[in-house]
Amino acid sequence: MRGAGRGARGASGLCLATLLLLPCITHAQALDDATQLLRTGKYEQAAAAFAKVPATDDEWVSAQRGLVRSLVAVGKYDEAEAAARRATTAPKGSELWTTLGEVLHARGRNADAEQAFVRARTSHASDSLTAAVDLAALHYERGDRDQAMQEFDRFIEVYNKTGGSSLSASDLTAVAIACRYLGATNPQLFKDALKAFDRAIQEGGETPEGDDARIALGEMFLEKYNSDDAKSTFDEILGTNPNDPRALLGAARRRFFDGAGGADSLVRQALKVNPNYAPAHVFAAELHLDLEEYADAQREIDRALQVNPVLPEALAVRAAVRYLVGDNAGFEAAKRQALATNPRNAELFNTVAELAARVRQYREAAEFARQAVALDTKSWRAFGLLGMNELRLGQIAAGKKDLETSFTGDPYNVWIKNTLDLLDTFKNYDEVKTDHFVFMIEKDESALLQPYVAELAEAAYARFASTYKYTPPPPIRIEVYRSHADFSVRTVGLAGLGALGVSFGTTLAFDSPAAKDAGPFNWGSTIWHELAHTFTLGSTDHRIPRWLSEGLSVYEEHRARTGWGFDVTPAFLDAYRKGKLVPVSRMNDGFMHPAYPEQVMFSYYQASLVCDLIARDYGENAIYQMLQAYKAGQTTDEVFRTVLKSDLAAFDKKFDTYLRERFKTPLASLDQYRRTMADARRLYEAGQLDAAKSMFETAQAAFPQYGGDDSPTSFLAQIYTKKGDAARAVAELKRLTASNETNYGAQLALADALQKQGDAKGATAALAAALYINPFELPVHQRLAELAKTSGDAQMVVRERRAVVALAPVDRPEALYQLAVAYRDAGDVKAARHTVLRALEDAPNFEKAQTLLLAIHEARAGGKAP
């Protein structure tokens, strides 16, 4: 009985202890579950779970913080504020003042937020260091920079006193944020920020506090131009929580930084989770501005300001929108509001400068950057923006000086470092001036290229000045880069740009034909294309939309020389059939937000077809009238309505009809064309030329416009050449070169065939066209010189003989002698004498040169032509 009694009491005691522990176990587990829901982006469920933790529980403070975080994450700011306020009235309420302050700050109620942060500090809340850094950031944001920097500096003391060993993850994150701000005056402190973030992540582990540190670290990586580490950091967060709005925005900014697609979709995803996430609305507005979608950008900014009426970045982008649409009164009002919030707000002008530059308004961008520098002489971003835009304006010395200032203050900026390294190489370039241009060409190839570049540029200038009734401010600066990587750095600060040329208006840069890493290209059409931008940008005060400026440049290529410019391909028609070409009303999307790798190239050609349609149906003067309308500040919709008397929806349909009519034959048989080409190539490779010829002719009839290297026309030219049918070979080669600007071999083959037929003029034209693809073959220049001499073109003979000398022939004295003869025949006796003397310096006993020099002297003495 006693044993039974003791056992009964023991059992009863165990049950009682278990019952006493159950509430603690249940609440602790509930908090863990809620935290896991929060960390995995199940915010509604997390909020409900956090709300169930009673005020009597030891973890109530953590639960309340989690509740507010969950509500903020989905944009329920009213509920978040109400929950935080209720919590501050509880016995442990002093622990929630920082949380309340952060909600208030997100809503732009900064005075109330400041009071909340102060109360958190004075009450010595466990998160008082977070309150302190939030308070310092608030002071920095409103322009009290000296006070803020002193407050940030105290965090160094806090860390040094403890070595960080007694600090929580949130405390360490606060230290890291302070170091990040202090990095503006001491760049080495970014390394300390990195250490503190790493410690915070280690201390926080898999908790919301650890996640906060990870996201802030990713943002700092991106701020310091380290996109690889930013990507891995954001990916880590999104791997656990694919619905974190801040991480989604960070990932979107990283994609934009890298020039990768998908930034817009990530922003939409962030706003789907939190429709009131003001920073995401601001970034969405910037993306719209890149597309010149000003009304959409304004709507996004309005949404951001509804949430936070004093958000500095929103006010700055609003000012940019008003400026870019020509609303000067609206711009001044937005500027006043931004400066009323922070009179030292250099970022206002930095933002306007950057966004203006992104829509090609470089002069205005430089001016805004100057205003930023005037407000804050430690705004390294301002000096960088100023320097980069000065370079785009051709102000090389001033640009270099400002970039050096920027890099001294921010030595992490890889764009500026690369650009400064490039500027150091400018001593290896010659500068040559003509009537309207300054050419910067590497010394090793300037003697060869300058005559061709200058001749073509002056011809383009005359054409465009007449067409667009515009005279650019002199001089136009043209920089020619032998390294594609150098050209890429000049353009965007990094290697890897896919383009061949760029126009900043009156400053142009492009690849030299020697830039083999750029691939085969026609450098002549590239010059023509970029110079067209100079005139279309300038004549509209840089207000022409990107798609139209690019379309007109390709359109002008087509009009300049046979075969120049993008042309139709099977892949282009495939994209059209599959609905993958954007409508005219959204043409900028194809350039700025391509959905697939080929879309940018397709968009160039598509935009040129739009110009062709306008010129065909409305007359070429309509294009000029459109440019004048853009200059007057009209939107694309207004331009189409006033000039073309059509809305964009109707023009989209008209253009679709135009494409179907223009490419009716290949569209109807594209699949059969491909099958026929495959069969024809098999026959060709098997040596069955007659059978292959028949099938290539069938394919050509199905797609007569295509002239690529793999086109039926290309194969037919080869077949007729092999079979000795010169007449048909010439016909196919002419057809091929009329739609292919980069086929060097075809131009040489055509020249050979025409010369054999006695067509010296045609052979000369083919060789001259070949030089715009490859000017480095000495025999081509020699042959062209002989043809030009036969036809009596003395100036072309001089140009080609100069090229021969520039290519460093084995027999240099002979090359100089031939050049001297060319000068004499062209009537330039002075140049002839100078050149023949150079020949005699190399070979003093060179009899032909001696005879020519004597003839020149005798002629000069007798007053006759030598």
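In this predicted model, helix α16 supplies the largest share of the lining of the second largest pocket, namely four residues; helices (H or I, at least four residues) and strands (E, at least two) are DSSP runs, numbered from the N terminus. A pocket is an open set of points on a 1 Å grid over the protein atoms alone, with protein on both sides within 12 Å along at least five of seven lines, and lining residues have an atom within 4 Å of a point. The second largest pocket holds about 670 Å³ of space, a volume being the space filled by probe spheres set on grid points that are joined across faces, edges and corners. It is lined by 30 residues, of which Glu292, Glu293, Tyr294, Thr635 and Thr636 are the closest to its centre. Two or more lining residues come from each of α16 (294-307), α29 (587-592) and α32 (636-643). By class, the lining of this pocket comprises 13 nonpolar, eight polar and nine charged residues, where Ala, Val, Leu, Ile, Met, Phe, Trp, Tyr, Cys and Pro count as nonpolar, Asp, Glu, Lys and Arg as charged, and the others, Gly among them, as polar.

The largest cavity has a volume of about 50 Å³. Its lining consists of Met388, Leu391, Arg392, Thr419, Val489, Arg490 and Thr491, with α21 (380-392) and α25 (484-492) as the elements that give two or more residues. Three of the lining residues of the largest cavity are nonpolar, two polar and two charged.

Residues are numbered from 1 along each chain as its sequence is written, and side-chain values use heavy atoms, with hydrogens and water left out. As the model is predicted, local features need pLDDT of at least 70 and side-chain atom pairs count only at pLDDT 80 or more, whereas totals for chains, interfaces and linings use all residues.

Technical notes. On a 1 Å grid over the protein atoms alone, a cavity is a set of points where a 1.4 Å probe fits but cannot get out, and a pocket is an open set with protein on both sides within 12 Å along at least five of seven lines; lining residues have an atom within 4 Å of a point.
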